[in-house]
Each structure stands twice: as structure tokens, then as C-alpha cells.
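Subject: Structure handover

Hi,

Here is the structure I promised you. My notes on it follow below.

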Amino acid sequence: MRLLLVTWGSTGDVAPYVGLGVRLVAAGQEVVVATSERHAPRFRLHNMPVHVLPLARQEESALAADRFDRWQSPARLRRRKRNAQDIAQVMARGVLEATGQGVDAILAHPLAHPVCAVIAEGTGLPCTGIYTAAPGMLLPRLSASPALSPHGYRLAETLTRAAMSPLYAPALSWVRQELGMRRGMGYGVGRGMGRPPAEVLRHRRVLHGYSSALLPKGHRLPDGHACVGYWWPARDPHWRPDERLLDFLASGPAPVYFGFGSVSPGDAERLSDTIRDVVRRLGVRAVVQAGWQGLDVSADDVLTIGECPHDWLFPRMRALVHHAGPGTAGAGLRAGVPAVPVPLALDQPFWAHRLTSLGLAPTSLPARRLTARKLAGALRTTLYDDQYRARCARLSKVIGAEDGAASVLGSLARA
């Protein structure tokens, strides 16, 4: 099959799709990727052709807006809404162009799924949602709570889709016009603009790339959805560990990892000072991943590094402090290393809630209220209470036995 893999977002959003693409190609599929120029090199390293979505301006605007301030002015919210609508429009044009070059099926990241679903409906192509996170996770008080299962997640997803509908409506109205779709087809809001988002995506096949062992007991995904296990990022075939890092790891006991992904809480200097204070209080060694914000912690027992594959790094760590993004949280559990989650926004609070609910972490510390005292206390418990490492080790075996990429291949074969 010639597959169009559509993905976009942060580095953590995109990296698992590189790994999935590599597995699909290895199994004999032909994979064409639609993503932004910022992420294109990750796929090209593995010889996957890329149909570039020209999103540089919108990405710059999104990064500038994503400071996650407590207060958002009405003007700022309007700018963010327009930027999101522009992103959907660029995706719609790019995906429609890519399908015009001949594909057999579409695999869609959740941010692209509404656009891809309508294009698939208008062109007669099969389309599968390929999710490492889901809309319902943006409301963790509903979706992450065992007390509200099995209905909490479905309610959260319905509410989130309704809130996001205006962001996609202009692009999808354009798709309907381009494809000559009759009234009532497609996805939109308002009279005559198509069916609402929840209806268009209802019963669509969606494969979730994480372990069902992390979900609340009794959790029920929407009809047509299945949790199949992680698909893991693929390493750069030319990557080798930095000599500084190898020397640091060999020079003493296993360190603690600190990393906060593409978006870090607060300013880099303040967070770097917090990490330095925690390391001093606990007398531990640390590896700090600079991330998008450019953390820089200079100390005798601390090494600041750039990008490094988590599947190589995490098994060498004593404990982790991270933002609870799904990929980072999954990589830590795969390695069997306990963590202190410090969630900031989006789906991070969902995964942080699940880590604490399952007894895999002693507590979750919201990033906006992070202090050295609180983080040192939580990390001390994580380091010296062996129950957290034991539980993570048990879950590591469960996760290691799952193969999300193989499940995607099996689903395509049955389509």
C-alpha cells in the first residue's frame, strides 16, 4: 500500500510517528509523510519522502503564544484562534495535494484527523486515526478519573471536540467546496456547513499508541477505537552518544534526569536555578536536557545535554523528573525507572494523574507552582521508597510485551 502519514505538533508529537513510519516501511509498505519543514528531516533521515506543509509562520506564532500564562487577553485568544484556523487550512490544502498524487490510505495524527477524515470521505479513501494522545485527555478531571469511568472519557472527548470545532470549520468548508461534497457531508458548524465533528468522527477507526494498562479501570474508548500499545521513536541511524555524556555516566552513581520537552514551565533561568537547588539539597548527580527553552544548569554534579534518545538514556538514570508528555512518560515506564511528573498543559496533566493513580509516582507537581522544596521532597520519596521502582519494573514488562506498530500493520491488512 502507498500510505500517507499526516502528523504535526511538538517534537514529542511527531517522534513516535517516525518510528511507526520506519516499521511500516520495513514491512513493505510505501510511506509518504505530510508534515512541516521543521519535522521533515526526522523522516528524511530514514528515507521517507515528505510532502511539506508550509507551516513555518504558524509554528512561530504558536511558539510565541505558548507561554501558558495564567491570564490570556481576549485579543491574544483571538490571535491564537486565527492561527489555529490557518494551521487547519494549510493542512487541508497540503493533504488534498498529497492525496492527488496517489495514495491508498491515510493515517492521521489527532490534530490532523478532522481534516483527513473529510478529505477521505470526499475522495473515497480509507482513513485511520493514529493517536498518541486524544482530545478527551485535555480534560483530565473527567477522562483520567477511575470514579467517572466508563463515561468520563467519552464526555470529555465530546466537550473537547465541540470546543475545537470552530478551529477546523473554515478549512473543512473549503474542502467540501473543493471536492464538490453535497450538503450534509463533511464536518463543520452552523446551518448548511456539514455534520458536527463528533458525528463525522463517530465510528471512525482510531488506534491509540499507548498501553491500556495505563488507563483507568473500566475505561471505555469510543466505538471504533482500540488501544494497541506504543510505537516508539526511531533513532537517527548516525547517532552516537556524546563523549562528555559517556564520561559523566562512568564517573559516578546513576544520575537523575530532568527534562521538560518542547515547552518548559516558566523562564529557563528560574527553572535551571530550581534544578540546581534540588540537586544540592539531595546530594544527587543529574543530567538535564536543555529542551526547546534552552535549560542550562552548570554544576560539578550536573551535565546539560541536547537531544538524546530516551530509550538509550533512561535505563541509565536513577529517577526522572519530566513534563509527563505521553512519549516521555511511556519511555520512562518502558525503562522501568520511576518519575516525578511536572505537567504544564494539554494532555500532560492526564498522564501525570495516571502515574500517581497507579502508584507509579508519589505525587504530581503542577509546573506553574513548582518550587525547589516541593520537588526535592517528591524526588526524595521517589529515590528512597522502593515501591515506586518495583511497580514501574512490573509495568515495564507489560509494556515491553506490546507492539503497537505491529497492531497498526495488522489493522491495515484487515482493512
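L346 is exposed, at 54% relative accessibility. (Buried means under 20% relative accessible area, exposed over 50%, and partly exposed in between, with a 1.4 Å probe and protein chains only.) The loop between β12 (339–341) and α13 (348–357) holds L346. Its phi is positive, near 60 degrees, and L346 is a residue other than glycine.

A word on the source. This is a predicted model, where local features need pLDDT of at least 70, side-chain atom pairs count only at pLDDT 80 or more, and totals for chains, interfaces and linings use all residues. Residues are numbered from 1 along each chain as its sequence is written, and side-chain values use heavy atoms, with hydrogens and water left out.

Helices (H or I, at least four residues) and strands (E, at least two) are DSSP runs, numbered from the N terminus.

N47 also has a positive phi, about 60 degrees, and is not a glycine. N47 sits in the loop between α2 (40–44) and β3 (50–53). N47 is exposed, at 71% relative accessibility.

C116 is buried, with a relative accessible area of 0%. C227 is in no disulfide either; there the nearest cysteine sulfur is that of C392, 18 Å away. C227 is partly exposed, at 22% relative accessible area.

Best wishes

Note on methods: A disulfide is a pair of cysteine sulfur atoms within 2.5 Å.
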